[in-house]
Structures are given as C-alpha cells and as structure tokens.
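Student: I would like to learn how to read surface features in a model. Please take me through them one by one.

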Amino acid sequence: MISNANDLMERLRKKLETERREIEELTADELERLAGNSRRAARHALRTIRRDTEEATGRMRELLLKAWARPLIVGMALWLGIFGGSWATMQWLSRSIQNRIEKRSMVDLEIAGGREMLAEIEETTWGVGLREVNGVRYVTLPTGTPVLTAFTVDGRPYVELSRE
C-alpha cells in the first residue's frame, strides 16, 4: 500500500503539476490575449483622443479667429468711417471756403468796377444828380455851380450849367 500511496502521491503530484502548467499556460495565453486587446483598446482610445483633440482645437481656432475677427472688422469699419467722414468733411469745408473766397474776389471786382463806373458817371455828368424829396423831384448840382435860365425842349424843362 505504501507503494500504492506513494504512487498515488506521485501521480497526484504529476497531475497537479500538469494542471498547474496548463493553468499557467492558459493564464499566459489569456494574459497575452488580454494584453493584445488592451493594446488595441489603448490605440483606439488614443486615436479617438487625438481626433477629438484635433476637432476641439479646430473649433477653438475658429472661435479665436471669430473672436479676433469681429473686433478687428468693427474697429476697421469705425476707423474707415471716421477717417472717411473726416476726409469728406474737410473736402467739403475746403471747397466751401474756396467758393467763398472766389465769390468775395468776384464781389470785390464788381465793387471796384462799380466805383470806377460811379467815378466815370460823376465825371461825365459833372456831379449832377437827381433827388426826390416828399414827392417833389429836384436836380442836384455840384457846389458852386452858377445856374443860368431854364428853357424847355419837347416840353421838358432844361437848366443850362456852366463848366466853371
């Protein structure tokens, strides 16, 4: 029986050893399969994270571009509006001033021409003028002009003036 017990123990030990090796091999295979699956899952997760990160970065770039673009566009529009309005106002004012200067020059020329004409009229009319006072009409003569007798021509009275 001892040999039977020893044999039995030996067989049991071999069987346990075989089962232990099988369990280790199965465990090793399972661990390798699990490691492969974990690597695939990690690679997939990494690709997903990269893709999501790139999408988020792209959205953030667009948001930042819009965040900078709007104030930039509004600022440029305001700048152009102020600059353009100021330029247009200055052009209008300068044209207005230039036109007034030209009008003033024309009026000065007309006044000078009128004065020349008045001087010429006074010289050719010897300073004679016409006045109406309270509905009565008078002929004004230069100071110191001697009046000679009046006469009528075509029914109108004339006064002869001396050139002295």
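Student: With which residue does Glu 17 form a salt bridge, and how far apart are the closest N and O atoms?

Tutor: Start with the general idea. Side chains of opposite charge can pair when their charged atoms come close. A salt bridge is a side-chain nitrogen of Lys or Arg within 4 Å of a carboxyl oxygen of Asp or Glu. Now the case here: Glu 17 forms a salt bridge with Arg 21, with 3.8 Å between the closest N and O atoms. Keep in mind that this is a predicted model, where local features need pLDDT of at least 70, side-chain atom pairs count only at pLDDT 80 or more, and totals for chains, interfaces and linings use all residues. Residues are numbered from 1 along each chain as its sequence is written, and side-chain values use heavy atoms, with hydrogens and water left out.

Student: Where do Glu 17 and Arg 21 lie?

Tutor: Helices and strands are DSSP runs (helices H or I, at least four residues; strands E, at least two), numbered from the N terminus. Both Glu 17 and Arg 21 lie in helix H1. They are four residues apart, about one turn of the helix.

Student: Which other residue meets Glu 17 in a salt bridge?

Tutor: Arg 20 does, at 2.2 Å from N to O. Glu 17 and Arg 20 are separated by about one helical turn because they are three residues apart in helix H1, which covers residues 2–125.

Student: Which residues are linked in the network of salt bridges?

Tutor: Glu 17, Arg 20, Arg 21 and Glu 24 are linked in it.

Student: How should I read the accessibility of Glu 17?

Tutor: Use the cut-offs: buried is under 20% relative accessible area, exposed is over 50%, and partly exposed is in between (1.4 Å probe, protein chains only). Glu 17 has 29%, so Glu 17 is partly exposed.

Student: With which residue does Glu 30 form a salt bridge?

Tutor: Glu 30 pairs with Arg 33, and the closest N and O atoms are 2.3 Å apart. Both lie in helix H1, three residues apart, about one turn of the helix. Glu 30 is partly exposed at 40% relative accessibility, and Arg 33 is partly exposed at 47%.

Student: How many salt bridges does the structure hold?

Tutor: Seven.

Student: Which backbone oxygen lies 2.7 Å from a polar atom of the side chain of Thr 89?

Tutor: That of Gly 85. A polar contact is a pair of N or O atoms within 3.5 Å; within protein, one must be able to donate a hydrogen and the other to accept it, and residues adjacent in sequence count only if both atoms are side-chain atoms. Thr 89 is in helix H1 and is partly exposed at 42%. Look at Thr 57 next. A polar atom of its side chain lies 2.7 Å from the backbone oxygen of Thr 53. Thr 57 is also in helix H1, and is partly exposed at 33%.

Student: Which residues form the nonpolar patch on the surface?

Tutor: Patches are made of residues with over 30% relative accessible area and no salt bridge; like charges are joined within 9 Å, nonpolar side chains (Val, Leu, Ile, Met, Phe, Trp, Tyr) within 5 Å. Areas come from the Shrake-Rupley method with a 1.4 Å probe, and for residues only the protein chains shown count as cover. Here the patch is Leu 72, Met 76, Trp 79, Leu 80, Phe 83 and Trp 87, with about 710 Å² of accessible area together. Met 76 is in helix H1 and partly exposed at 43%.

Student: Which residues form the positive surface patch?

Tutor: Lys and Arg count as positive and Asp and Glu as negative; His and the chain ends are not counted. Each charge is placed at NZ of Lys, CZ of Arg, CG of Asp or CD of Glu. Arg 39, Arg 40, Arg 43 and Arg 47 form the positive patch. A patch of negative charge gathers Glu 19, Glu 22, Glu 25, Asp 29 and Glu 32.

Student: How many helices and strands does the protein chain have?

Tutor: One helix and four strands. Along the sequence the pattern is α-β-β-β-β. Buried residues make up 2% of the 164 residues in the chain.
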